[in-house]
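Q: Could you take me through this structure feature by feature, giving the general idea before the particular case?

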Amino acid sequence: MKWRYFKYLLVILCFVFACKKSEVIQEKIETFLGFQTPKNFPEPIYRIANNTVTKAGFELGRKLFYDPRLSRNNTISCGSCHIQSSAFTQHGHDVSHGIDDRLGTRNSPPIMNLAWNKAFMWGGGVYDLDLQPIVPITTHEEMDENLENVLNKLKAVPAYREKFKAAFGTEEITTAAFMKALSQFMIMCISSNSKYDKVMRKEGNISFSTTELEGYQLFKDKCGNCHTEPLFTDGEFRNNGLAPSPINDLGLYTATLVNGDKYKFKVPSLRNLKYTAPYMHDGRFLTLDAVFQHYTNEVQVLVNLDPLLNKNGNRGISISNDEKTKLTAFLNTLNDEEFINNKLLAEQ
Amino acid sequence: MKKNLLYFTALVTLLLSACSKKQDPTPNFQEDNLAPLSIEFDNIVGGRTLTFNNTAVPYTNAKGEPFTVSMIQYFISNVKVTTNEGKEYVVKQDSSYFLIKGSDKTTRFAKVKVPEGDYSKLTFILGVDSLRSTMPIDRRTGVLDPATGGSMDNGGMYWGWNSGYIFFRLEGNSNLISDDQKGDPTGKKQFKYHIGFFGGYDVPTLNNIRSVTIDLNNAGIAKVRKDRQSNIHLFVDLMQVFNGKNSFSIKENPNVMFGEFSSKIADNFPQLFTHDHTEN
């Protein structure tokens, strides 16, 4: 008797599993929608029309992103310093840790919402995402490789030739195709599903708590000029009054040689702060509190200090402890758990 | 008698050459009537031909500094020719980028197609124009492909961290270069001049693109015809990098890449080029 029931149960279970599997497969086919601008985001800056995201192109880009062949001795991939669980930064490293344990001079920035970026790197110099990967590939402290070698290594792998063909119609692995595939993956790294986004899009009755709402008002008043919504950066380069680092990194000036650009760094987005510590271009602040401390008490008057941080002779931003708590509550609504757990963006 | 024969022969030759000239009138200038023209970039150093790493008998600049050359590479682009009548022809952009490499003789020609005609003026850019320097990756093929040349050590001409091309790259050695940070800390006594910068994407930065115009009247105009290969032979005197209007000392400036000083060197560029002759 018992055995009979068990058999039935087994049959039912089989059906359940069968159902589940087909559902998963269906979901996978349906979820690839290409590049879509979130409803609360502006139009992208990246020329999507010149590089339409396809499933094959995106998957090729993802494979390249996680492929250590991009480095001189095949040990470091893009994903080594841009780790998804840390919102594509290198958690716990003030400056990036590259090939042969070499250390860079700047903090690994997030691969996030790059289609809305008009300039790349903490100190600028690169203004086209399709040209950006050349920097880490060729930098001595990062991948220490050259493009020609990378392309030659990829050409030797039959699977890559097939994937390039699927994505771009030809087996030929060119610089342009290589860069465009990487861009397709990178621009798909969109973080737009934080609590903040859902509140803004009025999704499913989600609303800010009182503290978060108060924090939001404070944010708009004290931070929102540079960390503009909805990307939480205005994409500009500014001097936020950090004391010069021991290596005296001059920021944007290094690329432009314009005196007015000294000590200016790219305004980072405040999205996903929970995952992206440490903060600033050289990762000098380990906690959000240290960042508040900087803006309230430690802003240095240097050449090109941003005028917004030196209004009427008042250096920095005044933020009380109570305001700090509220601001922190609001900033925490910018963490996007779906982004760091999105399987589509993970190494397969 | 013999003398007479000589005169006669001379006369006939003269007449013949006059005839052949008459048979070759300047063709009507038609934009689509294209014929081959080449511009030859013949690298020299002062009064001597270019020999790499000739440490036994180095070259000497105006400051009396001995030096040898180990690498010379530069971009030539945006070729334009002008006829006596002032008619201009700009070579199609996509066919107008050349990387001249001193170590590879096959690269010494910039081969273009221009309408049949007699040209007395040649203009080109030393470097890569700002428009092309900001173009999408698909438009950067051939010598403009950032992968071309491999690594910096092998002669790469693309700056990744500061998107743009190195227009002019001259490297070599001088035993006057110090072994400290001001010179060459590796002790190899090497100098490196990597001159780039196209003026920036939106905010203006250094612009080291230099235009070169050469009058061909003195050393021979270019007669471009379909059945011939007209070749404008230029000398490119690397000595002028040091001895040009902004003359400088190798010892004091052994490395110039991203500094303001790069513009001073770029200002010397037009002086590098002289027209030696034209083969028609």
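This is a predicted model: local features need pLDDT of at least 70, side-chain atom pairs count only at pLDDT 80 or more; totals for chains, interfaces and linings use all residues.

A: Asn113(A) lies in the loop between helix 3 (78–81) and helix 4 of chain A.

Q: Where is Phe232(A) found, and is Phe232(A) buried or exposed?

A: Phe232(A) is found in the loop between helix 9 and strand 1 of chain A, and because 23 C-beta neighbours lie inside 10 Å, Phe232(A) counts as buried. Phe232(A) has a positive phi of about 65°, although it is not a glycine.

Q: Which residues does a cis peptide bond join in chain A?

A: A cis peptide bond joins Glu229(A) and Pro230(A), with omega about -5°, and Pro230(A) lies in the loop between helix 9 (210–222) and strand 1 (237–238) of chain A. A cis peptide bond also joins Ala277(A) and Pro278(A), where omega is about 0°; Pro278(A) lies in the loop between helix 11 (273–276) and helix 12 (288–298) of chain A.

## Helix packing in chain A

Q: How do I read the crossing of helix 2 and helix 7 of chain A?

A: The general idea is to take the angle between the two axes together with their approach, and an angle of 65 to 115 degrees counts as roughly perpendicular. Here the axes of helix 2 (residues 55–65) and helix 7 of chain A come within 7 Å and cross at roughly 95°, which means that helix 2 of chain A is roughly perpendicular to helix 7 of chain A.

Q: Which residues of helix 2 and helix 7 of chain A meet?

A: From helix 2 of chain A, the residues include Gly57(A), Phe58(A), Leu60(A) and Phe65(A), and they meet a group in helix 7 of chain A that includes Ala181(A), Leu182(A) and Phe185(A). By class, the residues of this contact divide into seven nonpolar, four polar and one charged.

## Between the chains

Q: How many residues of each chain are in contact with the other, and which elements of chain A take part?

A: The general idea is to count the residues on each side and then to ask which elements supply them. In this case 23 residues of chain A are in contact with 20 residues of chain B. On the side of chain A that touches chain B, the elements giving two or more residues are helix 4 (134–138), helix 5 (147–155), helix 7 (175–187) and helix 10 (253–256) of chain A. That side of chain A has twelve nonpolar, seven polar and four charged residues.

## The strands of chain B

Q: How many helices and strands does chain B have, and in which sense does strand 11 of chain B pair, parallel or antiparallel?

A: Chain B comes to four helices and 16 strands. Strand 10 (residues 164–173) and strand 11 (residues 190–196) of chain B run antiparallel and are joined by seven bridges, with Gln190(B) in strand 11 as the bridge partner of Asn173(B). Strand 11 of chain B also pairs with strand 15 (residues 255–256) of chain B, in the parallel sense over two bridges, and the bridge partner of Lys192(B) in strand 15 is Asn255(B).

How values were computed. Residues are numbered from 1 along each chain as its sequence is written. Chains are lettered from A and ligands numbered from 1 in the order in which they are written. Two residues are in contact if their C-beta atoms, placed from the backbone, lie within 7 Å. Ala, Val, Leu, Ile, Met, Phe, Trp, Tyr, Cys and Pro count as nonpolar, Asp, Glu, Lys and Arg as charged, and the others, Gly among them, as polar. Axes are lines fitted to C-alpha atoms, for helices over the stretch in contact, and angles run from 0 to 180 degrees between N-to-C directions. Angles under 35 degrees count as roughly parallel, over 145 as roughly antiparallel, 65 to 115 as roughly perpendicular and the rest as oblique. Two strands pair if DSSP finds at least two bridges between them. A residue is buried if 20 or more other C-beta atoms lie within 10 Å of its own, exposed if 12 or fewer, and partly exposed in between; C-beta atoms are placed from the backbone.
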